[in-house]
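I opened the model to look up a few contacts and note them here. The entries follow the order in which I went through them.

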Amino acid sequence: MTLTSNNDIILSNTETVPGKQIVEFYGVVTGNTVRAKHVGRDIMAGLKNIVGGELVGYTELLQDSRQEATERMVAQARSVGANAVINVRFATSSIAQGASELFAYGTAVRVA
Amino acid sequence: MSTSWQLALNYGVPLALLIIAYVIGSLLERRHFASIRKREAGVRNFPVLTTAELPPDWQAHDARLLVGNVVVSLDYFKRIIAGLRSIFGGRIKTYEPLLDRARREAVLRLVEQAKAGGFDALINVRLETSRLANSAGGEGTAGIEMLAFGTALRTNTSRFNAR
(Lines give C-alpha, C1' and ligand atoms only; values in the text may rest on other atoms or scores of the structure.)
Protein backbone atom coordinates (compact mmCIF):
# COMPACT_ATOMS: atom_id res chain seq x y z
CA MET A 1 0.00 0.00 0.00
CA THR A 2 1.21 3.48 -0.72
CA LEU A 3 1.61 5.54 2.41
CA THR A 4 1.54 8.99 0.88
CA SER A 5 -0.03 10.48 -2.21
CA ASN A 6 3.01 12.51 -3.23
CA ASN A 7 6.61 11.65 -2.61
CA ASP A 8 8.13 15.04 -1.83
CA ILE A 9 9.03 13.81 1.66
CA ILE A 10 11.25 10.73 1.91
CA LEU A 11 10.12 8.22 4.55
CA SER A 12 12.33 5.57 6.05
CA ASN A 13 12.35 3.45 9.19
CA THR A 14 16.14 3.44 9.35
CA GLU A 15 18.24 5.91 11.30
CA THR A 16 19.56 7.52 8.16
CA VAL A 17 18.33 7.80 4.61
CA PRO A 18 20.52 5.33 2.73
CA GLY A 19 22.62 7.11 0.14
CA LYS A 20 22.02 10.57 1.67
CA GLN A 21 23.48 12.78 4.39
CA ILE A 22 21.43 14.37 7.15
CA VAL A 23 22.14 18.08 7.29
CA GLU A 24 19.53 19.30 9.76
CA PHE A 25 17.20 17.92 12.47
CA TYR A 26 13.73 19.28 13.15
CA GLY A 27 12.60 16.96 15.95
CA VAL A 28 9.73 14.54 16.33
CA VAL A 29 6.74 14.72 14.01
CA THR A 30 3.58 12.72 14.65
CA GLY A 31 0.29 11.95 12.98
CA ASN A 32 -2.69 10.05 14.29
CA THR A 33 -6.21 8.99 13.52
CA VAL A 34 -8.94 7.34 15.58
CA ARG A 35 -11.26 5.09 13.66
CA ALA A 36 -14.34 3.09 14.44
CA LYS A 37 -15.44 0.15 12.37
CA HIS A 38 -18.74 0.65 10.61
CA VAL A 39 -21.70 -1.64 10.97
CA GLY A 40 -21.58 -3.02 7.42
CA ARG A 41 -18.00 -4.11 7.83
CA ASP A 42 -18.80 -5.55 11.24
CA ILE A 43 -21.57 -7.74 9.87
CA MET A 44 -19.36 -9.03 7.07
CA ALA A 45 -16.53 -9.60 9.51
CA GLY A 46 -18.97 -11.39 11.83
CA LEU A 47 -19.86 -13.80 9.05
CA LYS A 48 -16.22 -14.24 8.14
CA ASN A 49 -15.49 -14.96 11.78
CA ILE A 50 -17.30 -18.30 11.41
CA VAL A 51 -14.88 -19.71 8.85
CA GLY A 52 -11.87 -17.67 9.90
CA GLY A 53 -9.07 -16.34 7.74
CA GLU A 54 -8.52 -12.83 6.47
CA LEU A 55 -11.04 -10.12 7.30
CA VAL A 56 -10.52 -8.04 4.16
CA GLY A 57 -12.73 -5.16 5.33
CA TYR A 58 -10.60 -4.67 8.42
CA THR A 59 -7.36 -5.03 6.50
CA GLU A 60 -8.48 -2.17 4.24
CA LEU A 61 -9.78 -0.09 7.13
CA LEU A 62 -6.45 -0.25 8.92
CA GLN A 63 -4.60 0.44 5.68
CA ASP A 64 -6.64 3.61 5.11
CA SER A 65 -6.19 4.69 8.71
CA ARG A 66 -2.45 4.16 8.69
CA GLN A 67 -2.22 6.11 5.46
CA GLU A 68 -4.17 8.97 7.04
CA ALA A 69 -1.91 9.02 10.10
CA THR A 70 1.17 8.99 7.87
CA GLU A 71 -0.19 11.83 5.72
CA ARG A 72 -0.65 13.94 8.85
CA MET A 73 2.86 13.19 10.00
CA VAL A 74 4.19 14.10 6.55
CA ALA A 75 2.18 17.35 6.53
CA GLN A 76 3.77 18.29 9.84
CA ALA A 77 7.23 17.47 8.49
CA ARG A 78 6.54 19.61 5.42
CA SER A 79 5.41 22.53 7.58
CA VAL A 80 8.67 22.59 9.53
CA GLY A 81 10.70 22.56 6.34
CA ALA A 82 11.92 18.97 6.39
CA ASN A 83 12.38 16.86 3.28
CA ALA A 84 12.55 13.47 5.01
CA VAL A 85 11.22 11.64 8.05
CA ILE A 86 13.54 8.99 9.41
CA ASN A 87 13.08 6.21 11.95
CA VAL A 88 9.33 6.09 11.33
CA ARG A 89 7.37 3.88 13.76
CA PHE A 90 3.77 2.81 13.78
CA ALA A 91 1.63 2.07 16.81
CA THR A 92 -1.93 0.91 17.33
CA SER A 93 -3.98 1.15 20.48
CA SER A 94 -7.54 0.29 21.38
CA ILE A 95 -9.19 3.43 22.70
CA ALA A 96 -12.77 2.31 23.29
CA GLN A 97 -15.04 -0.54 22.22
CA GLY A 98 -14.61 -0.90 18.49
CA ALA A 99 -12.37 2.12 18.11
CA SER A 100 -8.65 2.10 17.50
CA GLU A 101 -6.05 4.82 17.37
CA LEU A 102 -3.34 4.45 14.81
CA PHE A 103 -0.39 6.72 14.91
CA ALA A 104 2.86 7.23 13.10
CA TYR A 105 5.86 9.13 14.33
CA GLY A 106 9.39 9.80 13.27
CA THR A 107 12.20 12.33 13.20
CA ALA A 108 11.93 15.13 10.68
CA VAL A 109 15.22 15.93 9.00
CA ARG A 110 16.69 17.64 5.99
CA VAL A 111 18.83 15.41 3.84
CA ALA A 112 21.13 16.27 0.98
CA MET B 1 -43.10 -32.41 18.70
CA SER B 2 -42.31 -28.83 19.61
CA THR B 3 -39.76 -29.91 22.20
CA SER B 4 -37.85 -32.01 19.71
CA TRP B 5 -37.84 -29.02 17.35
CA GLN B 6 -36.52 -26.85 20.13
CA LEU B 7 -33.89 -29.44 20.92
CA ALA B 8 -32.83 -29.56 17.28
CA LEU B 9 -32.65 -25.77 17.17
CA ASN B 10 -30.78 -25.44 20.44
CA TYR B 11 -28.13 -28.02 19.69
CA GLY B 12 -28.38 -28.55 15.94
CA VAL B 13 -27.58 -25.02 14.83
CA PRO B 14 -24.40 -24.56 16.88
CA LEU B 15 -23.34 -28.08 15.94
CA ALA B 16 -23.91 -27.42 12.24
CA LEU B 17 -22.00 -24.16 12.57
CA LEU B 18 -19.14 -25.99 14.25
CA ILE B 19 -18.97 -28.53 11.44
CA ILE B 20 -19.19 -25.89 8.70
CA ALA B 21 -16.55 -23.80 10.45
CA TYR B 22 -14.26 -26.79 10.85
CA VAL B 23 -14.56 -27.98 7.24
CA ILE B 24 -14.38 -24.61 5.49
CA GLY B 25 -11.90 -23.16 7.97
CA SER B 26 -9.46 -26.04 7.49
CA LEU B 27 -9.85 -25.90 3.74
CA LEU B 28 -9.18 -22.16 3.65
CA GLU B 29 -6.17 -22.57 5.90
CA ARG B 30 -4.67 -25.29 3.71
CA ARG B 31 -5.22 -23.17 0.62
CA HIS B 32 -3.70 -20.13 2.25
CA PHE B 33 -0.59 -22.06 3.30
CA ALA B 34 -0.24 -23.45 -0.22
CA SER B 35 -0.46 -19.93 -1.64
CA ILE B 36 2.06 -18.62 0.90
CA ARG B 37 4.58 -21.35 0.09
CA LYS B 38 4.23 -20.73 -3.62
CA ARG B 39 4.64 -16.97 -3.32
CA GLU B 40 7.52 -17.30 -0.89
CA ALA B 41 9.35 -19.45 -3.41
CA GLY B 42 8.84 -16.66 -5.96
CA VAL B 43 10.50 -13.98 -3.82
CA ARG B 44 13.16 -16.17 -2.22
CA ASN B 45 16.09 -14.40 -3.87
CA PHE B 46 14.87 -10.92 -2.94
CA PRO B 47 17.05 -9.62 -0.09
CA VAL B 48 15.01 -8.90 3.04
CA LEU B 49 17.02 -7.78 6.06
CA THR B 50 15.96 -7.08 9.62
CA THR B 51 19.11 -5.05 10.14
CA ALA B 52 19.43 -1.40 9.19
CA GLU B 53 23.07 -1.58 8.29
CA LEU B 54 23.89 -2.14 4.67
CA PRO B 55 26.46 -4.68 3.57
CA PRO B 56 29.58 -2.65 2.62
CA ASP B 57 29.35 -3.34 -1.10
CA TRP B 58 25.83 -1.99 -1.44
CA GLN B 59 25.43 1.45 -2.89
CA ALA B 60 21.92 2.39 -2.07
CA HIS B 61 19.80 5.23 -3.33
CA ASP B 62 16.11 5.99 -3.38
CA ALA B 63 14.80 4.80 -0.03
CA ARG B 64 11.09 4.37 0.56
CA LEU B 65 9.04 3.17 3.51
CA LEU B 66 6.70 0.31 2.57
CA VAL B 67 3.99 -1.38 4.62
CA GLY B 68 2.15 -4.69 4.36
CA ASN B 69 -0.71 -5.70 6.62
CA VAL B 70 -3.41 -8.31 7.12
CA VAL B 71 -6.24 -8.79 9.61
CA VAL B 72 -7.20 -12.38 10.40
CA SER B 73 -9.47 -14.28 12.74
CA LEU B 74 -9.85 -17.86 13.93
CA ASP B 75 -12.79 -19.91 12.73
CA TYR B 76 -15.65 -20.71 15.09
CA PHE B 77 -14.53 -24.28 15.72
CA LYS B 78 -10.96 -23.34 16.58
CA ARG B 79 -12.13 -20.48 18.78
CA ILE B 80 -14.14 -22.96 20.85
CA ILE B 81 -11.13 -25.27 21.09
CA ALA B 82 -8.92 -22.37 22.10
CA GLY B 83 -11.48 -21.36 24.72
CA LEU B 84 -11.50 -24.88 26.17
CA ARG B 85 -7.73 -24.98 26.12
CA SER B 86 -7.44 -21.80 28.12
CA ILE B 87 -9.31 -23.47 30.99
CA PHE B 88 -6.56 -26.04 31.43
CA GLY B 89 -3.71 -23.92 30.19
CA GLY B 90 -0.87 -24.99 27.99
CA ARG B 91 -0.17 -24.64 24.35
CA ILE B 92 -3.06 -23.44 22.16
CA LYS B 93 -2.22 -25.14 18.90
CA THR B 94 -5.16 -23.68 16.99
CA TYR B 95 -3.75 -20.15 17.24
CA GLU B 96 -0.23 -20.99 16.11
CA PRO B 97 -0.88 -21.63 12.41
CA LEU B 98 -3.20 -18.61 12.25
CA LEU B 99 -0.57 -16.20 13.55
CA ASP B 100 2.11 -17.87 11.45
CA ARG B 101 0.26 -17.55 8.18
CA ALA B 102 -0.88 -14.00 8.94
CA ARG B 103 2.67 -12.90 9.67
CA ARG B 104 4.01 -14.56 6.54
CA GLU B 105 1.21 -13.01 4.50
CA ALA B 106 2.05 -9.53 5.81
CA VAL B 107 5.74 -10.02 4.96
CA LEU B 108 4.82 -11.34 1.51
CA ARG B 109 2.66 -8.29 0.83
CA LEU B 110 5.56 -6.07 1.84
CA VAL B 111 8.09 -7.93 -0.31
CA GLU B 112 5.76 -8.19 -3.30
CA GLN B 113 5.24 -4.44 -3.18
CA ALA B 114 8.96 -3.78 -3.10
CA LYS B 115 9.46 -6.11 -6.04
CA ALA B 116 6.60 -4.59 -8.02
CA GLY B 117 7.96 -1.10 -7.35
CA GLY B 118 11.30 -2.03 -8.90
CA PHE B 119 13.22 -1.96 -5.62
CA ASP B 120 16.19 -4.26 -5.04
CA ALA B 121 16.10 -4.91 -1.32
CA LEU B 122 14.27 -4.31 1.93
CA ILE B 123 16.12 -3.35 5.10
CA ASN B 124 15.18 -2.88 8.75
CA VAL B 125 12.02 -4.97 8.42
CA ARG B 126 9.86 -4.86 11.54
CA LEU B 127 6.85 -6.96 12.50
CA GLU B 128 4.07 -5.91 14.79
CA THR B 129 1.00 -7.65 16.12
CA SER B 130 -2.08 -5.91 17.44
CA ARG B 131 -5.52 -6.93 18.55
CA LEU B 132 -8.66 -5.29 17.25
CA ALA B 133 -11.23 -4.69 19.96
CA ASN B 134 -14.64 -6.26 19.56
CA SER B 135 -17.29 -3.61 19.00
CA ALA B 136 -20.03 -5.88 20.36
CA GLY B 137 -18.49 -5.32 23.76
CA GLY B 138 -17.61 -8.96 24.23
CA GLU B 139 -14.46 -10.45 25.62
CA GLY B 140 -13.33 -11.82 22.28
CA THR B 141 -11.36 -10.06 19.62
CA ALA B 142 -12.68 -8.91 16.27
CA GLY B 143 -9.39 -9.79 14.66
CA ILE B 144 -5.64 -9.74 14.90
CA GLU B 145 -3.59 -7.45 12.73
CA MET B 146 -0.14 -8.34 11.52
CA LEU B 147 1.91 -5.45 10.26
CA ALA B 148 5.20 -5.68 8.40
CA PHE B 149 7.16 -2.61 7.38
CA GLY B 150 10.61 -1.77 6.19
CA THR B 151 12.67 0.52 4.01
CA ALA B 152 12.86 -0.45 0.34
CA LEU B 153 16.02 0.47 -1.54
CA ARG B 154 17.32 0.68 -5.04
CA THR B 155 20.92 -0.36 -5.28
CA ASN B 156 23.45 -0.22 -8.06
CA THR B 157 25.30 -3.28 -6.91
CA SER B 158 26.28 -5.66 -9.69
CA ARG B 159 24.98 -8.56 -7.62
CA PHE B 160 21.46 -7.34 -8.19
CA ASN B 161 21.89 -6.15 -11.73
CA ALA B 162 23.08 -9.60 -12.72
CA ARG B 163 19.89 -11.19 -11.51
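**Contacts and core**

The model is predicted. I started with B:Phe149 and left aside its neighbours within four places in sequence. On that basis B:Phe149 is in contact with A:Asn13 and A:Phe90 of chain A, and with B:Leu65, B:Leu66, B:Val67, B:Leu110 and B:Arg126 of chain B.

I then looked up the largest nonpolar core, which holds 54 residues. B:Phe149 is among the members that touch the most others, along with A:Val85, B:Val71, B:Ala106, B:Leu110, B:Leu122 and B:Ala148. From chain A, the elements giving two or more residues to this core are E1 (10-11), H2 (56-79), E4 (84-96) and E5 (99-111). From chain B they are E1 (60-73), H3, E2 (121-133) and E3 (141-155). I noted that E1(B) supplies the largest share, eight residues.

**Between the chains**

I found 41 residues of chain B and 34 residues of chain A in the contact. On the side of chain B, the largest share again comes from E1(B), here with 11 residues. By class I have 23 nonpolar, 12 polar and six charged residues on that side. I also checked strand pairing: E3 (53-54) of chain A and E1(B) run antiparallel and are joined by two bridges. A:Gly53 stands opposite B:Ser73.

**Helices of chain B**

Last, I looked at H1 (2-42) and H3 (95-116) of chain B, whose axes come within 10 Å and cross at roughly 35 degrees. The crossing is left-handed. Among the residues that meet are B:Phe33 and B:Ile36 in H1(B), and B:Arg104 and B:Leu108 in H3(B). I list this contact as four nonpolar, one polar and six charged residues.

Conventions: Residues numbered from 1 in each chain as written. Chains lettered and ligands numbered in written order. Predicted model: local features only at pLDDT ≥ 70, side-chain atom pairs only at ≥ 80, totals over all residues. Axes fitted to C-alpha atoms, helices over the stretch in contact; angles between N-to-C directions. Helix = DSSP H or I, 4+ residues; strand = E, 2+ residues; numbered from the N terminus. Left-handed = near helix turned anticlockwise from the far one by under 90°. Contact = placed C-beta atoms within 7 Å. Nonpolar A, V, L, I, M, F, W, Y, C, P; charged D, E, K, R; others polar. Core = buried A, V, L, I, M, F, W, Y, C linked by C-beta atoms within 7 Å. Buried ≥ 20, exposed ≤ 12 C-beta atoms within 10 Å, placed from the backbone. Pairing = 2+ DSSP bridges.
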